[in-house]
Amino acid sequence: MALIKEKFKETKRVFGEWNVGAYRWKAPKGYLDEFIKALGEKKILGTLCSGCGRIYVPPREFCSRCFRKIETKTIVSNFGTLLAFLVSPPLTKGKVLIAGIDAVESGWLKEGEEIILGIVNFDGTSSKLVLPVLNVKPTDVFVGMRVRAVFSEEPKGSLSDLIGVEPAEQVKF
Amino acid sequence: MRRVAIIGCGQTKHGRRTDINQAEMVSEAVWKAIEDAGIGIEDVEAFAVGNMQGFGGIAHPEMIFSDYIGAFGKPVQRVATGGTVGGSVAQLAYYQVASGMFDVVVAVAWEKHSDSAEPGATTGLLHVAFANLSYMFKKGLDMRSFAIMGLAGAAAGISAYQAAQYMAKSGCRIDHYDMVAAKARRNAAKNKYAHLKWPDCRPEDIAKTEMLIWPMRFGHVCPASDGASAIVLASEDAIKRLKPEKPVAWILGIAAYADEEADQGESYQGTGVLDYSAQIGCILSAKKAYERAKISDPRKEVDMAEIYAPFPHQELMFSEKLGFFDEGTAWKAVEEGITEIDGDFPICPSGGVNATNAIGSSGLQRVLECALQIMKKAENHQVPKDVEVAVAHAWGGQVQFNTVTVLSDKPKRW
Amino acid sequence: MKIGIVGFYALPQTYDVEMTREESVFAAAKGALKDAGLEREDIDTVVSASSDFYDGRTISSSMLIGASGAYLKDESKAEEDGLFAVLYAIQRLRTYHRTALVVAHTHSWTFNPHKVSTFMLDPLFDRQNELLNDVTLAALQANAYMHSYRVSEEDIALAALKNLENASRNPLAFRRIVGITLDEILDSEIYSTPIRELTMAPCCDGAAAVVLAREDVIEDLSLDAVWIEGVGAATDSYIRDRDLLEMNSLGIAAKKAYEMSGINNPLDEIDFAEVNERFAYQELMIYEALKLCQKGRGKYLIRSGITERDGDFPVNISGGSMGGDSIIANGLYRLIEAAKLIKRGFGEKALVHSQWGLLAQKNIVFVLRG
Amino acid sequence: MLIKNKDMAVERYEGFPFVARFRWTAGEIYEVFLEKMKEGKIFGARCDCGYVVVPPRIICPRCLKKLDQSNLVELPQKGVVLSKTDVKFKMDSAGNFEKTDEILVAVKINGANSILFLKALEPVEIDDEVEIVWKEEKEGIPGDILGVRGVKK
């Protein structure tokens, strides 16, 4: 017996919309610009809460734990640990649709590419970032792996200047 | 603080309901609950409602169908907490009665995903991060990075990271996720209201489905269902007045602690949550709910649980945070069949959220299903063992909200 | 078991405020705690109020847990006017909790709230009519009311004038026009007859918070409190199946609040009121639904000056919604203005009202005592 | 009190272009209403308590009894203006006000209890008798009703 697909009478529909793109918002001035400028200099910027010493990356304006505003900005290590990872199957056309556009056909993702998404905690920070794990085969990736940030050689002043992480020297014993 | 019990349950058939509109769907659940409670609409003094309005594209829909559910002249209070909304609505209704403000209230929560033109729950979930994404594009996020982010999918995304982190910590294998998904499909086949039914689904059937992004298969993903769940809550003296003889499900204790958003802060700020599967909110909610319900050893004193697990790893992860299994060992219980419908500790005998997910309804449905088991009204998916204490859990927000509700067949346990 | 307001803080209402959503909510929550002389750890439960369609974010509270002080607290979020969050906080205080923080906000700059009102229409029929929104619906109700009870545009403009004059003295108000005249109001731009720019509330950015506590905590910590004597809330039918001339749910809500606080004749036993009149004509109908006067005679209450700031029953000394409508936070601005006036000894008992939904489909009424 | 320091300004940003589309399910009884509109007819539902709700629905607004297709009744094309307003501003999909000069009325169709909010195609006054004006090619959608116009006495 397979999955049972129950059908219901298809009645008429009335159409409408919600212009979500017409909304606008506000961000703390300078927070992300300084983060991106640091990426251009191959550095990672975070904010340090003077109450509990936690460092948030990307920079955060309020520490929920101390219920206070965070005043200090600090550069953190480019090295970190892989907390966990996900591996995509070899990518083919029709597999990844982004807003209706085929990500492989449009060249954003390469045919047959296996992307590893790593959950990375940079040393000394209380945050994690989800970044591609580069220059390693999926079979060689493991939880707890030491990794190092990989920056773009020609930074364009964008979030994508932090390309991902790659394996750092592992303990050999 | 007065004692409160569920005296009536009503829900619609969950599925792609292209035959009824949102007002009809919600009123069907409400009237079924009132009928099941054996009372009249005039006995109902207030309503607790909630859904994720962005999914169905209607703002405050309960205002449009206030007459469909007999709300004229009565207070209608609305809460909205993401995927947890059903659990939050049930807890609002509990507070409405326990505070002594009302004697009889109806709690209803629902979702109509098929009214959105985008597939499944994309609109609502995309819209959680839409503002952040807009900002990231403004800050030069290129399409390759955006495509990579989208690999895991809007909903599955964060849950896929969570599945990977739980696996990294507990040492379980992807086959255990297949076992939980198969159990959900099998149990759902016994539940006439459930959506995805696969009578004798085996883990191997799930293992054959396409790998979306390791460790998440297509067979692990929950459906986007249309559906509504409603329960009638009454105070102890109202129960004496209205229905002294029929079985009821007493609510012994509830709690809902919130953690910091686990993925991204506002405008792509960082957050202090290192591990999506840590779920501190669930641990605190369980501890406080058990304290209020006078339960000291959940594994011994609780008989079954309905856990909010749109994805199989979440049933394992949350059953540990709720104190039913030691940290990182829930997958062993699945192997031994402990959590089967006829096992020692049944989890999600209804098929759970993995088989049926109308996001607004799911949280309330967990409380409703526990009540059905306690009142022995779960028909084909009634668990064989005697259920005296059941725990209903709901989860949502940006992987950060948890509601825990402890129900029992007796007003108090001490 | 009585509940008291022990602290409050409201940000000045503005438009396109130079603060992020998080900064506004943080300032309101922090301010209310400071006013109460309490710290975050003294708070047992937090109930926030926001709405996904106004904030442009699904699960609009998920990224405000830190700013609202709700981190690792037993909390929830009401998705309607902040006074409904206060009602929910009271229900929580009468069950498990001893102290509660309620914080509400809306930044109208994010998206035109009048457009959000069209999302509340029945999508199968009413939403297909591009002329229908909260302003044009109010215009239809105003014309029906004026026609049935021979109320003139001037009667309505006088109600707006009273509130606009009061607003010009209120540092927290958004629209403060010093020396506003009746003619200025009667000549202001028409949105939909008879609704004009100066006879409808201007949407604005706002954030406000209150701290509530049980009477035993108030005594133990000897806190200064404004007491909540009674509360009533009710819902009306949807706009298509309603009598346009009646504010049914307000009448029912007021009756409940009066019964709970032992009030038989509101005009005599209550000293002043803060009401949410989204449209100036509604203030007249609100008087009638609150049983301050007979049906259709609201205009006489206005013309007699009884509800002026120096009258026997001042209404909206703060300027009310004519001074600014911060949507979800509107109710808390009304509550806080009333609490401030009581603490200044302006009056012993106050009535606070707010509304929600098309044509004030939902109403909530509080009775406060010093 | 926490005063925001003056230099702490904010950065404003807009949403990238995305319009969420919806296709609300009509349900069986409303589907009949739409099909009858295609034939230029207005249908309501009459409850045993006497309340006639339009458009028709499954619960009576007054006595909350269940209604179904057996309660459907065709309504006359005429009604009375309960209220009217000259609309000077409406809004586009993004919520920007745009000037207009149209008339909106609240109409009670003869024999019905519910109010319908429709456009008036010519100036009318409260208590005037009006009649429905239909589009030429009707598609079974609410837009088939162009509005109302005064009934010549």
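Helices (H or I, at least four residues) and strands (E, at least two) are DSSP runs, numbered from the N terminus. By that count, chain C has 13 helices and eleven strands. This is a predicted model: local features need pLDDT of at least 70, side-chain atom pairs count only at pLDDT 80 or more, and totals for chains, interfaces and linings use all residues. Residues are numbered from 1 along each chain as its sequence is written, while chains are lettered from A and ligands numbered from 1 in the order in which they are written.

Stay with chain C for its overall form. Its radius of gyration, taken over C-alpha atoms, is 19 Å, close to the 21 Å of the globule rule for 370 residues, so chain C is as compact as a globular protein of that length. The rule is 2.2 Å times the number of residues to the power 0.38. Along the principal axes, the C-alpha trace of chain C spans about 55 × 45 × 40 Å. Of the 370 residues in chain C, 72% are buried (20 or more other C-beta atoms within 10 Å of the residue's own, with C-beta atoms placed from the backbone).

Now turn to chain B. An open sheet of nine strands runs in the order β3-β2-β4-β7-β1-β8-β11-β10-β9, with mixed pairing. Two strands pair if DSSP finds at least two bridges between them. β3 and β9 (304–306) of chain B stand at the edges with a single partner strand each, so one side of each lacks a neighbour in the sheet. The twist averages 30 degrees from one strand to the next. Inside the sheet, β2 (residues 46–50) and β4 (residues 104–112) of chain B run parallel, joined by five bridges. F47(B) has V106(B) in β4(B) as its bridge partner.

Next comes the interface. Here 53 residues of chain B are in contact with 52 residues of chain C (C-beta atoms, placed from the backbone, within 7 Å). α4(B) gives the most to the side of chain B that touches chain C, with five residues.

Two packed helices are described by the angle between their axes and the distance between the axes. For α4(B) and α3 (residues 82–93) of chain C, the angle is about 65 degrees and the axes are 8 Å apart. Axes are lines fitted to C-alpha atoms, for helices over the stretch in contact, and angles run from 0 to 180 degrees between N-to-C directions. In this packing, L92(B), Y95(B) and Q96(B) of α4(B) meet Y88(C), Q91(C) and R92(C) of α3(C).

Technical notes. Contact = placed C-beta atoms within 7 Å. Buried ≥ 20, exposed ≤ 12 C-beta atoms within 10 Å, placed from the backbone.
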